[in-house]
Amino acid sequence: MLLAYDSSKSCEQILLFLIDSPAFKGLDLHIINVTKSPEDVKTSLQLKQAEEKTLTVGFKPVCLSIQGNPETVIDKYIKENNINLLLMGAYGHSRIRHLVIGSTTTQILRSSDIPVLVFR
């Protein structure tokens, strides 16, 4: 399974859900964060914190920060790594962006070939 992590409140809820739920124990977990810049130190720190939280309950996550367009990066990662479930937060962008071009969540839901578990 893949967690598209952006450190939003909904992504923190996903982490708590994964940590507390016995249904996900023993499954492979990938956590990626899509950035605009490879030098984004804040994002790297947030990703490291997510990794530490999952390590404490027995996951051995593959964690990566990848530069690019979120929709493209997530879709490519899913296909290259044979991901069967995508977990992501809902609607992390501004209302203006959502009205003009739609949210990352909406675009991924439209194009995904795998189940997507969305947290709000």
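Hi everyone. Starting at the N terminus, the elements of this chain run β-α-β-α-β-α-β-α-α-β. What you see is a predicted model, so please keep that in mind as we go. Counting up the elements, we have five helices and five strands.

Let me give you a few overall values. The chain has 120 residues, and 38% of them count as buried. Its accessible surface is about 7,200 Å², and carbon and sulfur atoms make up 55% of that. If we take the contacts with a separation of 6 or more, 70% of them are between residues 24 or more positions apart.

Now to a pair of helices. Two packed helices are described by the angle between their axes and the distance between the axes. Our pair is H1, residues 9-20, and H2, residues 41-55. How do they pack? The angle is about 15°, and the axes lie 10 Å apart. Angles under 35 degrees count as roughly parallel, so H1 is roughly parallel to H2. The crossing of H1 past H2 is right-handed.

Which residues meet there? From H1 we have Glu12, Leu15 and Ile19, and from H2 we have Ala50, Lys53 and Thr54. Sorted by class, that contact holds three nonpolar residues, one polar residue and two charged ones.

Staying with H2 for a moment, have a look at Glu51, which is in that helix. Is Glu51 buried or exposed? Its relative accessibility is 18%, and the cut-off for buried is under 20%, so Glu51 counts as buried. As for its partners, Glu51 is in contact with Pro61 and Cys63, once we set aside neighbours within four places in sequence.

Back to H1, where I would like to show you Phe17. This residue has 34% relative accessibility, and because that falls between the 20% and 50% cut-offs, Phe17 counts as partly exposed. What does Phe17 touch, not counting residues up to four places away in sequence? The answer is Phe24, Leu117 and Phe119. Take Phe119 from that list: Phe17 and Phe119 are 102 residues apart along the chain, yet their C-alpha atoms are separated by 9.8 Å.

Terms used: Residues are numbered from 1 along each chain as its sequence is written. This is a predicted model: local features need pLDDT of at least 70, side-chain atom pairs count only at pLDDT 80 or more; totals for chains, interfaces and linings use all residues. Side-chain values use heavy atoms; hydrogens and water are left out. Axes are lines fitted to C-alpha atoms, for helices over the stretch in contact, and angles run from 0 to 180 degrees between N-to-C directions. Helices (H or I, at least four residues) and strands (E, at least two) are DSSP runs, numbered from the N terminus. Angles under 35 degrees count as roughly parallel, over 145 as roughly antiparallel, 65 to 115 as roughly perpendicular and the rest as oblique. A crossing is left-handed if the near helix is turned anticlockwise from the far one by less than a right angle, and right-handed if clockwise. Contact means heavy atoms within 4.5 Å. Ala, Val, Leu, Ile, Met, Phe, Trp, Tyr, Cys and Pro count as nonpolar, Asp, Glu, Lys and Arg as charged, and the others, Gly among them, as polar. Buried means under 20% relative accessible area, exposed over 50%, partly exposed in between (1.4 Å probe, protein chains only). Accessible areas come from the Shrake-Rupley method with a 1.4 Å probe; for residues, only the protein chains shown count as cover.
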